[in-house]
Amino acid sequence: MSDQLGIRIPEGASDRRSGYKTGQRYDTGLLAFVLPSEDAERYTGRLIRSGTEMIGNVHPEEKGYRPAAAFGHLGLPEPETLVQGLRKASLCPDDLASPEGKYLQRCVDLFAHEFKPGTTRIYVRSTIEPSITPPPASSAP
């Protein structure tokens with residue numbers, strides 16, 4: 001999924017999870033991994049354009065929120081329901097000349113959630129054109 005989206009996962013990332021949902025109109029790719037908060041800050045800073053800031057979730061979805069492609073299928077809470085420690089941004093590869101952004105293949109919603117002090121989970125969700133062949137299924141966690 002990392003290759004499909006053009007999101008490079010840092011070598012030290014743990015608890016890597018990904019999913020792919022085939023939809024009627026669009027498919028959706030999901031990717032999540034955990035980094036120490038300092039590394040997550042550096043990583044998101046290298047992905048988003050200089051001068052752009054990730055924003056907090058001031059209008060969270062209610063607890064029962066179920067998006068078309070849910071992180072719940074990966075055993076994770078939906079980032080749109082989180083408020084404390086959550087920052088988010090939407091990125092597209094068009095004209096994104098940041099150090100990590102140059103690898104981006106698709107528009108993505110990027111969430112960074114510091115779920116405990118010093119530990120941040122990065123969530124990525126992307127809509128994918130259905131004509132693209134889905135990635136092979138993996139049994140790796």
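Okay, ground rules before the pictures. Because the model is predicted, local features need pLDDT of at least 70 and side-chain atom pairs count only at pLDDT 80 or more, while totals for chains, interfaces and linings use all residues. Residues are numbered from 1 along each chain as its sequence is written, and side-chain values use heavy atoms, with hydrogens and water left out.

Let's start with the sheet. There are 6 strands in an open sheet, ordered 1-2-6-5-4-3, with antiparallel pairing. Strands here are DSSP E runs of at least two residues, helices are H or I runs of at least four, and both are numbered from the N terminus. Two strands pair if DSSP finds at least two bridges between them. Strand 1 (14–21) and strand 3 (55–56) sit at the edges with a single partner strand each, so one side of each has no neighbour in the sheet.

Zoom in on strand 4 (residues 86–91) and strand 5 (residues 108–116): they pair antiparallel over 6 bridges. Ser90 stands opposite Asp109 in strand 5. Then helix 2 (residues 37–47) packs on the sheet, touching strand 2 (27–36), strand 4, strand 5 and strand 6 (119–128). Contact means heavy atoms within 4.5 Å. The direction of helix 2 makes about 135° with that of strand 2; axes are lines fitted to C-alpha atoms, for helices over the stretch in contact, and angles run from 0 to 180 degrees between N-to-C directions.

Buried is under 20% relative accessible area, exposed is over 50%, and partly exposed is in between, with a 1.4 Å probe and protein chains only.

On to charges. The count comes to 8 salt bridges, taking a side-chain nitrogen of Lys or Arg within 4 Å of a carboxyl oxygen of Asp or Glu. Arg125 bridges to Glu78 at 3.2 Å between the closest N and O atoms. That pair links distant parts of the chain, strand 6 and the loop between strand 3 and strand 4, 47 residues apart. Both Arg125 and Glu78 are buried.

Then there's Glu100 with Arg46, closest N and O atoms 3.9 Å apart. Glu100 is in the loop between strand 4 and strand 5 and Arg46 is in helix 2, so the pair ties together parts 54 residues apart in sequence. Glu100 is buried at 8%, whereas Arg46 is partly exposed at 40%. Arg8, Arg46 and Glu100 form one network through shared partners.

Which residue's side chain has a polar contact with Arg8? Tyr103, at 3.4 Å; a polar contact is a pair of N or O atoms within 3.5 Å, where within protein one must be able to donate a hydrogen and the other to accept it, and residues adjacent in sequence count only if both atoms are side-chain atoms. Tyr103 lies in the loop between strand 4 and strand 5.
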